[in-house]
There are 2 protein chains.
Amino acid sequence: MYLQIDPRNGNPIYMQIIEQIKHAIQIGIFEVGKPIPTIRDMAIELCVNPNTVAKAVRELEREGVIKTFVGKGAFVTDKAKNVMEQDNTEKAVKVTESYIKDVKWLGYKKEQTIELVKKNWNKLEKENNHE
Amino acid sequence: MYLQIDPRNGNPIYMQIIEQIKHAIQIGIFEVGKPIPTIRDMAIELCVNPNTVAKAVRELEREGVIKTFVGKGAFVTDKAKNVMEQDNTEKAVKVTESYIKDVKWLGYKKEQTIELVKKNWNKLEKENNHE
DNA sequence: ATTATTGTATTAGTTAAGTAGTACAATAAT
DNA sequence: ATTATTGTACTACTTAACTAATACAATAAT
């Protein structure tokens, strides 16, 4: 299958599953209107408890990415990609607000912060190029 | 006294105490070379267990902000302000790296991110002005 | 020397999050 | 109708973080 998790990653397994399923939808492995693998199949594949997968599926349904039917399975909604897109912008605003709060508390001004982002962005670019 | 905590703040009490003590040092309420209040006094003042204050004091000592002596008390070190200053820069880099990782995962490019920070910074400014 | 005051160590209780075990309920397939 | 397959609900176990209760050890004060 196409899902991978790392139990020692620090991030909860169910969150990793959420990200994996979303990613699979975005790159077309799981298609709109079609079902994703059953909870049990994914649980077996990932060697985790079905409830852990169910938690991820439940959350995805809450977000509107999939719609589940007992006995049938969980289907990718038409609006899945829109939802995920919008969700991303919301998340971006959220992390940005949180970030601004942090650096303000540390005494940084707007321009200093912009510089900080630029500098560290470049640093990460370089590190990646060296791989 | 000069310390305040909010037990329902979400943030652990001992962390709030750490921030409060640091702040008190920065604005001169607790002076370099002089002792901060005893663990028991602070515990009584804040209505928390002495161990909770002790945890904060232990952490501050680990950071080099204060130096404790059994039977005497905990004294603000000469280098306390330098340490806190440097600590702030490190923290800023850390939160920035984490922030960049987040927005990159959300598909944001460098310039988009800069714009995001600018826009939200201004937004927060406006909100504060309206108070 | 004795006593009070300081920080320290050890242990335990509390809460929340995450994960798993097991049984249940609804739908599909035959 | 019966059976298999699907998601669901409920319960319990584990772990980690936080806080507190209590007793201990070192220093200061007298």
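Guide: Let us begin with helix axes: these are lines fitted to C-alpha atoms, for helices over the stretch in contact, and angles run from 0 to 180 degrees between N-to-C directions. Helices (H or I, at least four residues) and strands (E, at least two) are DSSP runs, numbered from the N terminus. This is a predicted model, in which local features need pLDDT of at least 70, side-chain atom pairs count only at pLDDT 80 or more, and totals for chains, interfaces and linings use all residues. Residues are numbered from 1 along each chain as its sequence is written, and chains are lettered from A in the order in which they are written.

Visitor: At what angle do α1 and α3 of chain B pack?

Guide: Helix α1 (residues 13–26) and helix α3 (residues 50–63) of chain B pack at about 55°, their axes 8 Å apart. Among the residues that meet are I17(B) in α1(B) and L60(B) in α3(B).

Visitor: How are the strands of a sheet joined?

Guide: Strands of a sheet pair through backbone hydrogen bonds, either parallel or antiparallel. Two strands count as paired if DSSP finds at least two bridges between them. In chain A, three strands form an open sheet in the order β1-β3-β2, with antiparallel pairing. Because β1 (35–36) and β2 (66–69) of chain A stand at the edges, each with a single partner strand, one side of each is left without a neighbour in the sheet. Four antiparallel bridges link β2(A) to β3 (residues 73–76) of chain A, and I66(A) stands opposite V76(A) in β3(A).

Visitor: How many residues of chain B are in contact with chain A?

Guide: Contact requires C-beta atoms, placed from the backbone, to lie within 7 Å. Here 23 residues of chain B are in contact with 22 residues of chain A. With eleven residues, α4(B) gives the most to the side of chain B that touches chain A.

Notes: Contact = placed C-beta atoms within 7 Å.
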